[in-house]
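Student: I've never looked at this one before. Can you walk me through it, one question at a time?

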Amino acid sequence: MKSRVNVVKWPFRSPVRQLSTTPWSHQASDGGLEIGTKSVTTSPARGSRARSTHVALDTSLCDVSPSVKSWREVPGPKPLPLLGNTWRFTPYIGGYSVEHIDKVCLSLREQYGDCVKITGLLGRPDMLFVFDASEVERVFRGEDAAPHRPSMPSLNYYKHTLRKDFFGAEENCAGVIAVHGESWAAFRTKVSRVALSAGAAAQYTVPVAQVADAFVERVRDIRNENLETPDDFLNEVHKWSLESLGLIALDTRLGCFEAQEESESMRLIHAVQTFFLSVGELELRAPWWRLYPTTMFKKYCAALDTILSVTLRHVEKALKECELNGGSKSLLQDLVAAAGPRVAAVAALDLFLVGIDTTSNAVASILYQLSLRPAVQDRLYEEINNVLQDKPMKPGDVNHMPYLKACVKEVMRMYPVVIGNGRQLSKDTIICGYQIPKGTQVIFQHYVMGNSDDNFSNARDFRPERWMYRSSTQKHHAFASLPFGYGKRMCLGRRFAELEIHTVICKMVQAFKMEYHHKPMDYHIHPMYTPNGPIRLKLIER
């Protein structure tokens, strides 16, 4: 495959782009209790609760009620002539920060309410931020067969223009990331039959546990004299995530913990790191790469070329093993057998692009939050020991660890690695009583909703038990926290991500008592929602 990027002709085009809310797309929570009642066309008053609308409602504007307000009436910050609202994100001047969009969204809701319009952003479509969980549910339940999710424009250009010769060579084979409509639906159907099957993730329990054991040994070795993890601990978690996902997506151990500088594994590690370092700048800043090939965009494309070439090599290996063995024994081999080598390669690429950074940042955040809560760790340790009893982990063990699962859900509610989910409306839609035009980018702000007392009782309290025991007196809105998305656009790799996260947290709690003795860390967007600073955990042997 050609890896040269500078041979591409760059047509001049107006910088129109979309805000990516993607990467890890996440789950519909396990049901929930909603208190109160809800009008279809109006947003509830602050502090009141809205009932979950379990009947799919038609939100299109066939017959617009006179009570429905126009798009122009949606509240939000007013754009300035020529400057629009872009100036608000200018450092030291505007007051809005991309890195702290969580605080920006809290401020927007406080100032304007549950539905906020932001227009006049350079290179971006009009956006609508929604902070009402019941409206989110209504939109999701009324979706058509192929919902359009805002995608990464830079990845869209890579797949559909720069490398069209590969991704367009076979019909409906461009993947699920930065793909929409019938092509997306056809590809997802091919992959979901394998990836979402009941035993797809369970078969990896033992090898994923072995990777987690290797990670425990790695962090044991890199602790300093104070038994603390180094400043670049997050990078070690990235290596664990890459090793785990390589096992699942490429059917091989990459050797990330001991990789040599010139090895294929290290080339892949560097490529993945380059991709994630670049994507935040390319997706969240002004899209100058649309006008000319910036240095960062060249590095970004070269990194994607490397990931794709390594993926293809392992797919070819899996194809040969299928032919020799007369059957399939892994996810990759199952995909090759069911949908062909090109589909398997693209699916593996998409897993790498959205599965590594999200999973590793989730694990780092969970470990940090647990290190602040010794009592939670003690209860976890007791549960884990009662289940495992000093035996190797086997399929089904995590199902007997409800408190472990609840702790993960609670961290993801309060500190979701992807703080918002999104849709680009395919039809005119009524949201919060306003007529929202087709093509508007709607951002469902789960960070704000997940931390709101409107949706969860005592939302700022860390209470994993809320996920274990439901009561009619406790607020718990199923659509306020969706770490894996919902419906047809729900994350295809959810089962695998949950297996990886639960397993490594289980192993870390089993091995160490974790403490944190430094200044409390705030969270920021980078490009995931993650602790802002070195994660220096003190790991004391159990």
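Student: Let's begin with Cys491: is cysteine 491 buried or exposed?
Tutor: Keep in mind that this is a predicted model. Cysteine 491 has a relative accessible area of 10%. The cut-off for buried is under 20%, so cysteine 491 counts as buried.

Student: And which feature does UniProt place at Cys491?
Tutor: Cysteine 491 lies in the loop between α14 (446–450) and α15 (494–511). The UniProt record, an unreviewed entry, marks Cys491 with the feature "binding site".

Student: Zooming out, what share of the residues of the protein chain count as buried?
Tutor: The chain's secondary structure comes to 15 helices and ten strands. It has 542 residues, and the share that count as buried is 57%.

Student: Of the contacts between residues at least 6 apart in sequence, what percentage join residues at least 24 apart?
Tutor: Take isoleucine 505 as an example: it touches Val363, Ile366, Leu367, Leu370 and Leu404. For the protein chain, the percentage of such contacts joining residues at least 24 apart is 75%.

Student: Which residues have the most contacts inside the largest nonpolar core?
Tutor: That core has 138 residues. Its largest share, 18 residues, comes from helix α11 (residues 341–371). There's also a second, separate core of 26 residues, with Leu128, Val130, Phe140 and Leu425 among them. Back in the largest core, the residues with the most contacts are Phe352 and Ile505.

Student: Now valine 219: why does it count as buried?
Tutor: Valine 219 sits in helix α6 (residues 205–222). Leaving out residues up to four places away in sequence, it touches Phe233, Met508, Phe512 and Leu539. Buried means under 20% relative accessible area, and valine 219 counts as buried because its relative accessibility is 0%.

Student: How far apart in space are valine 219 and proline 230?
Tutor: In sequence, the two are eleven residues apart. In space, going from C-alpha to C-alpha, the distance is 9.0 Å.

Student: What about the surface: which residues make the nonpolar patch of about 360 Å²?
Tutor: The protein chain exposes about 22,300 Å², and carbon and sulfur atoms supply 53% of it. The patch is made by Leu80, Leu82 and Leu83.

Student: Is leucine 82 buried or exposed?
Tutor: Leucine 82 is in the segment before α1. Its phi is near 70°, a positive value in a residue other than glycine. The cut-off for exposed is over 50%, so with 92% relative accessibility leucine 82 counts as exposed.

Student: Which value does phi take in asparagine 458?
Tutor: Asparagine 458 is in the loop between α14 and α15. At 44% relative accessibility, it counts as partly exposed. Although asparagine 458 is not a glycine, its phi is positive, at about 50°.

Student: Last one: what is omega for the peptide bond from histidine 526 to proline 527?
Tutor: Proline 527 is found in the loop between β8 (523–525) and β9 (529–531). The peptide bond from histidine 526 to proline 527 is cis, with omega near -20°.

Methods: Residues numbered from 1 in each chain as written. Predicted model: local features only at pLDDT ≥ 70, side-chain atom pairs only at ≥ 80, totals over all residues. Heavy atoms only, no water. Helix = DSSP H or I, 4+ residues; strand = E, 2+ residues; numbered from the N terminus. Buried < 20%, exposed > 50% of the residue type's maximum accessible area, 1.4 Å probe, protein only. Contact = heavy atoms within 4.5 Å. Areas by Shrake-Rupley, 256 points an atom, 1.4 Å probe, with all protein chains shown as cover. UniProt positions renumbered as here; feature names shortened; annotations may be inferred. Patch = residues over 30% accessible without salt bridge, like charges linked within 9 Å, V, L, I, M, F, W, Y side chains within 5 Å. Salt bridge = Lys/Arg side-chain N within 4 Å of Asp/Glu carboxyl O. Core = buried A, V, L, I, M, F, W, Y, C linked by side-chain atoms within 4.5 Å.
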